[in-house]
Amino acid sequence: QVQLVESGGGLVQAGGSLRLSCAASGTIFSIDSMGWYRQAPGNQRERELVATITSSGNTNYGDSVRGRVTISRDNTKNTVYLQMNSLKPEDTAVYYCHGWVVDGYRRIYWGQGTQVTVSS
C-alpha cells in the first residue's frame, strides 16, 4: 500500500512564506508526476491546481500562484516540496499532495491534506 504524507502547513501572516513537503512510502517502483492541489473553505466541489512536477523536472503552475510558489522534488526520497512566498489570505486552503505511482499498476494516490491559513 502506498501512502503520501504531507507536512509543513500552518498559520502565517500575509506576505509570509511556508514550505510544504509530501513524502511517498510503500511499494513504489517509480513515480511519474507529483504535485499539489488545494481546496478553499466553502468550496467542496473542486480542487484548484497549485503546481505539478514530472519525474524529469518539468513544472506546471496554477495561474493564481504562478510567480509566488516553486515546486521541486527529490526522486531519491520520493518527496515533493512546495515553497510558497508572498502568501495572501486567498491562499488559505487545505493543500493536497498527489502522485502518479507505479506500484505494479499506474494509479494516483492522494495525501490527507494539510491546512494553510494566511491571516491578513
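In the predicted model described here, a disulfide (a pair of cysteine sulfur atoms within 2.5 Å) joins Cys22 to Cys97, with an S to S distance of 2.0 Å. The pair links distant parts of the chain, since Cys22 belongs to strand E3 and Cys97 to strand E9, 75 residues apart; strands (E, at least two residues) are DSSP runs, numbered from the N terminus. A search of the whole structure finds one disulfide. The torsion about the S-S bond of Cys22 and Cys97 is about -75°, and the disulfide is therefore left-handed. Cys22 is buried, with a relative accessible area of 0%, and for Cys97 the relative accessible area is 0%, so that Cys97 is buried; here buried means under 20% relative accessible area, exposed over 50%, and partly exposed in between, computed with a 1.4 Å probe on protein chains only.

Residues are numbered from 1 along each chain as its sequence is written. Because the model is predicted, local features need pLDDT of at least 70 and side-chain atom pairs count only at pLDDT 80 or more, whereas totals for chains, interfaces and linings use all residues, and side-chain values use heavy atoms, with hydrogens and water left out.

Glu6 is buried yet has no salt bridge, the nearest side chain of opposite charge being that of Arg47, 7.4 Å away; Lys and Arg count as positive and Asp and Glu as negative, while His and the chain ends are not counted. A salt bridge is a side-chain nitrogen of Lys or Arg within 4 Å of a carboxyl oxygen of Asp or Glu. The side chain of Glu6 instead reaches the backbone nitrogen of Cys97 at 2.8 Å and the backbone nitrogen of Gly113 at 2.8 Å. Leaving aside neighbours within four places in sequence, the contacts of Glu6 include Ser21, Cys22, Trp36, Tyr96, Cys97 and Gln112.

Arg73, in strand E7 (residues 69-74), is likewise described as buried yet without a salt bridge, and Asp32, the nearest side chain of opposite charge, is 6.9 Å away. A polar atom of the Arg73 side chain lies 3.1 Å from the backbone oxygen of Ile31, and the side chain of Arg73 makes a polar contact with that of Asn75 at 2.6 Å. A polar contact is a pair of N or O atoms within 3.5 Å; within protein, one must be able to donate a hydrogen and the other to accept it, and residues adjacent in sequence count only if both atoms are side-chain atoms. Among the residues touched by Arg73, not counting those up to four places away in sequence, are Ile31, Asp32, Met34, Ile53, Thr79, Val80 and Tyr81.

A search of the whole structure finds six salt bridges. In one of them the side chains of Asp91 and Arg38 meet at 2.9 Å, N to O, and the pair links distant parts of the chain, with Asp91 in the loop between E8 and E9 and Arg38 in strand E4, 53 residues apart. Asp91 also meets Arg68 in a salt bridge (2.8 Å, N to O), which connects the loop between strand E6 (59-61) and E7 with the loop between E8 and E9 across 23 residues. Arg68 counts as buried because its relative accessibility is 12%, and Asp91 counts as buried at 2%. Arg38, Glu48, Arg68 and Asp91 are linked in a network of salt bridges. A further salt bridge joins Asp63 to Arg66, the closest N and O atoms being 2.7 Å apart; here Asp63 is exposed, with a relative accessible area of 66%, whereas Arg66 is partly exposed at 46%.

Definitions and conventions: Helix = DSSP H or I, 4+ residues; strand = E, 2+ residues; numbered from the N terminus. Contact = heavy atoms within 4.5 Å.
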